[in-house]
Amino acid sequence: MALDAMSDLSDDALLVLYANGDPDAARTLTLRLAPRVMAHAYRLLHDRAEAEDVTQDALLRLWKIAPDWRQGEAQVTTWLYRVTANLCTDRLRKVRHSDIDAAPEIADGAPSAADTMQATTRAEALTQALADLPDRQRQAVVLRHIDGLQNPEIAQIMDISVEAVESLTARGKRALAASLGSRRAELGFYDG
Amino acid sequence: MMDKRKPDGPLSEAELDALFGAATQEAQLPSADMMARILADAATEQSRQAAQRAAPAPQATPPTLFARIHDTLGGWAGLSGLAGAVATGLVIGVATPDTLSTYASAVLGGDALLTDYVPGLDGVAFDG
């Protein structure tokens with residue numbers, strides 16, 4: 001099937017095509033899903049190389065499960081976010097045991113005048129603050145407020161209730177607001 | 001958005017949203033190398049799955065005659081029952097009436113006559 005025609009197909013329809021041997025289905029799925037998985041993994045891990053490894057691993061698991069995929073039972077993205085989060089959690093546990101100080105530091109006094117620099121500074125500060133949250137809070141906050149998913153889908157990904165998602169995101173946001181409050185000026189929110 | 005009253009206090013909801021927005025825009029995108037590795041994985045896995053589908057199912061070794069009889073009769077219990085029946089039939093078939101009576105007396109009791117159990121034998125002429 002032509003790539004153009006595939007762009008209209010759902011993820012699980014593409015996965016079935018892949019399982020049936022269509023050579024272009026994997027390309028469409030990869031272009032569609034890899035950036036989301038990569039971005040999500042990076043937000044959870046704060047390490048580009050590790051996030052790339054997780055992305056490759058998560059998609060390999062998707063290729064392997066393709067023949068057994070039951071169309072309409074679950075969303076591919078939901079399954080993929082769950083696998084990605086589990087892979088990230090495993091890696092974070094290993095990192096914590098080996099070298100907790102290896103996380104890159106944000107340079108003090110980073111310039112905030114230029115918009116691009118400010119956006120970068122803000123994103124890095126947030127990523128670093130997210131790294132200090134408990135795993136489940138971080139996952140819920142990232143899925144809700146950065147990846148932009150709705151609470152019911154997050155509940156499916158995390159295998160918890162919608163109420164539990166709301167609780168996790170609320171506590172996560174409070175913790176982020178508190179920890180980043182002292183960096184308000186650096187983040188361009190306070191000029192006094 | 002500025003909060004001059006509490007410069008070190010928690011960020012406001014709007015300030016936090018601005019950080020989330022920045023993080024969304026700063027998303028780390030996969031490199032071309034990584035995309036190539038993912039596609040190579042996909043092709044390898046697809047070939048493996050195709051080969052698996054194409055391969056004929058492994059032929060089971062045909063069961064031996066003994067195994068078929070064993071299964072048909074329901075295992076060792078059935079086999080031993082059959083063996084007993086064959087042996088008894090053989091004895092009945094080859095033995096002279098005297099021997100058979102002795103055998104019957106031994107099996108059924110001292111005073112038992114074979115004709116008590118096999119009445120038809122009265123009228124049978126034995127050649128010896």
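1. A:Asp159 is exposed, with 8 other C-beta atoms within 10 Å; exposed stands for 12 or fewer such atoms, buried for 20 or more and partly exposed for the range in between, with C-beta atoms placed from the backbone. A:Asp159 lies in the loop between helix 8 and helix 9 of chain A and, although not a glycine, has a positive phi of about 60°.

2. The model is predicted: local features need pLDDT of at least 70 and side-chain atom pairs count only at pLDDT 80 or more, whereas totals for chains, interfaces and linings use all residues. Residues are numbered from 1 along each chain as its sequence is written, and chains are lettered from A and ligands numbered from 1 in the order in which they are written.

3. Helix 8 (residues 151-158) and helix 9 of chain A pack with their axes 8 Å apart, at an angle of about 95°. They are therefore roughly perpendicular to each other, a term for angles of 65 to 115 degrees. Axes are lines fitted to C-alpha atoms over the stretch in contact, and angles run from 0 to 180 degrees between N-to-C directions. Helices are DSSP runs (H or I, at least four residues) numbered from the N terminus.

4. A:His46, in the loop between helix 3 and helix 4 of chain A, also is not a glycine and has a positive phi of about 60°. A:His46 is partly exposed, with 19 other C-beta atoms within 10 Å.

5. Between the chains, 42 residues of chain A are in contact with 34 residues of chain B, contact being C-beta atoms, placed from the backbone, within 7 Å.

Conventions: Contact = placed C-beta atoms within 7 Å. Helix = DSSP H or I, 4+ residues; strand = E, 2+ residues; numbered from the N terminus. Parallel < 35°, antiparallel > 145°, perpendicular 65-115°, else oblique.
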